[in-house]
Amino acid sequence: MTGTIPTPTTFITENCAMPFCKGCGHTHVLRKLNDALMKLQIPPSKVNLVTDIGCIGLADALFETPHTVHTTHGRSTAFATGIELADSVLSDSKLKTVVLIGDGGAMIGLLHLVNAALLNVDVTVLLCNNFLFGMTGGQHSAFSPMEFITPTTPDGNIIPPIDMCRVMLDARAEFVARKLATDKDLGDVLAEAIQHPGFSLVEIVELCTEHATTKNELTGNAIRSVIEEQGQEFGILTNEKNRAEFGVLYADKNPRDQAFSASQKDDGLIPQFESKLKHQVGIVIAGSAGERVQSAAKKLCEAAVMSRLHCTQKNDNPVTQGSGFSLAEVILSPHDIFYTGIETPDAVIVVSEDGLNELYEKHVFDRLKPTTMLLIDSSLPKPHTDANIIEYPFRKEYGGAKAALKAIELYVQQSGLFPVEAFQTS
Amino acid sequence: MNHTYVPIKLRTGNQMIAEGAVKAGCRFFAGYPITPASGIYKSMIELLQRKGDLAISSPDEISALAYCVGASLRGYKAMTATSGPGWALMIETVQYALMTETPLVIAMVQRLGPSTGGATQGAQGDVLLTEFCTSGGYTIPVLCPSTPLECYELTVLAFSWAELLRTPVVILTDKEVGMTTESVNYEQLQLLHAADRISHLQKPTNGHGKAKTYEFTRLSDIPKFAPVGGLIKVTATGSAHNKSGELKKNDAETLEVLHHLEEKIRLRKDGLAIVKRDVDPEAETLLISYGITARATEEAIHIARKQGKKVSGLHLLTLFPVPEKQILNSLGKVKRVVIAEENLSGQYRSVISHLMKTQEVIGVNKIGSMITPQEILKEVL
């Protein structure tokens, strides 16, 4: 799949009419972005602009040659991250993705910005900060300065603005800059950010001439001091290459084309025993977390399969997983198993108090029939039930960790479902 | 020792969805842990990382699906897995995938809702939320396995449909299908072919290829795909757009694109229907079932027939597009249709009951635990 790679003469559509208000910073930003891309001479097919919602999100329609992906509000960086993850790990890692997002979207997508920075994917975010939501009527944003007057802060903003550059630094971003849309060197800084291997963010502070200037004494020249009064800095705040890109690190850990099938553990079970089982049986095994109840039940299933039976196993435990009861429900059958629940168990195995209490909770003992085999540890109080009770000191003889295993082994012996060797082999 | 090797393994439905995805050529998985879907995430990490393909954790479900959309736009088959609470977060991005005609597979392992609900309790309560999550109610294909084998096979199929139709596709299971371990005979697996998306040849004229991102002639045509990063320029957008991907308001071509999004699925609905029919031509009772409840229903049919009752079964492996033709063809002499599902209002029953013009439609509904064969049998006369 080869083709002639053209030398780009422009990325932005020639002579395109900018849809923005007179004096809006977005026009500067997009022209400077074009300058940066021209400077880098990246083939247009290797440039991808991902736009967010809001005025800056109109940018995709203005670029004729690069790929454009216009996304949902605040999520642009997440989509961009997905594209770059795939490009860096599954493809040739040559794509350069630039996100255009406003201050409103940046706060919605804070998580995505932080995660992209932590991952260090090759995404460049142009955060166009004009202090407000321009497209929807000038409402204040998380970037509005203190005392900023907007329709939603008519008496002045009382919430301090976020310093997103500092957040990005804390998220280990290695290229972070804050510039004015009118800075003459903006194009160069953008080129540097795009060229940076890995994540980069440039916050571009700009003026919304429609909404920011009517009630606030704000001019293009004044916005520098507004930012600085908030304790935020301008310039390239960091430019380092200490961390490898995500794709490089991932490829190191997970080299491509390992002998995939060979390394795949074949855990197939070979039938080598015969079972006398004619009907489906349901077995409930109850004990305590950490005492290998569910893994013992799995061995029962493996033994059953090796004895040409079908099986299902359901496990249950408290959400904390490491404490309280541990339960397994096993169905064994010579035929296909349809319904995977157990209404009336054919066998119940209880090896600890946690397990006993849980079975009371589930009213299991009310449902037992005279033919049910109830194997219970000798240390436990015997429940009132019709079942055929067999008690044995599993815990005393084998300890908690082996009680379930040994109880199941005894059940296999007593029931004669299949040779006990099958269970010992599994 | 002269044993015939029979490849029987112990597998959960979740594991089989992961294996099916890899079989289908899925090379990208982004995941966020949630019970009862985490088994898919874990399995995909094991299976994909071993091959050098990408399986990655995301910081939330919104990111998980957005990463998948991104990877698919870049040209790779992608999947994520979640449960109801995660699905709720993903809905915006599901709509984006639908609007941008981005192939995508989402495994939705249901648990008891609403809200955080019950993490370790199964349910069939997200049927409507899954299907009707788009503004406009566009049809999202939903496949609904009830066994580990079906989990594998329907996942392969889900990828084929997603790729060929350029649309998000959902595999809808629940905790009991996803987390129950069963003996699986791999020799019974159907060797399905997994389709790839139909792509443009990446041969540009004049250096840089031009093609409309959403080009089609007939409404039901599927636009040829071009990856972001390829030689043909992509103009993708989640806003209402014309065939070129340009944001437009109410012009004829844009409305045509919106019609096309539904028409490309609707026109193929008979081909997208998979059912298992177990018909007794004399039966006056038909049990329609799907998902975990189909297992109890099949057992109920078995018991009913042993008792000499005439009963038919129709097990739906695809819920949407609604397999109308297959349902209508199963009605025959049926006077009574019984549908068991683990939700209180009879969600799927409400979608199909209009098809039963003369039959009585009865729901067996319960939440909190699996519906038993006995509970279904009560409704079999």
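How much area do chain A and chain B bury between them, and what share of it lies on carbon and sulfur atoms?

## Extent of the interface

In this predicted model, chain A and chain B bury about 5900 Å² between them, with 60% of that area on carbon and sulfur atoms. Of the area that chain A buries against chain B, 12% is supplied by A:Leu90, A:Phe338 and A:Tyr339, which is more than any other three residues provide. The contact draws 72 residues from chain A and 68 residues from chain B.

## Polar and charged pairs

Between chain A and chain B the count of salt bridges is five. A:Asp267 and B:Arg11 form a salt bridge through their side chains, with an N to O distance of 2.9 Å.

## Elements on the side of chain A

Several elements of chain A give two or more residues to the side that touches chain B, including strand 2 (67-70), helix 4 (110-119), helix 8 (246-253) and helix 10 (293-306). Helix 2 of chain A gives the most to this side, with 10 residues. By residue class, the side of chain A that touches chain B divides into 31 nonpolar, 28 polar and 13 charged residues.

## Strand pairing between the chains

Note on methods
Residues numbered from 1 in each chain as written. Chains lettered and ligands numbered in written order. Predicted model: local features only at pLDDT ≥ 70, side-chain atom pairs only at ≥ 80, totals over all residues. Heavy atoms only, no water. Contact = heavy atoms within 4.5 Å. Buried area = accessible area lost by both parts, 1.4 Å probe. Salt bridge = Lys/Arg side-chain N within 4 Å of Asp/Glu carboxyl O. Helix = DSSP H or I, 4+ residues; strand = E, 2+ residues; numbered from the N terminus. Nonpolar A, V, L, I, M, F, W, Y, C, P; charged D, E, K, R; others polar.
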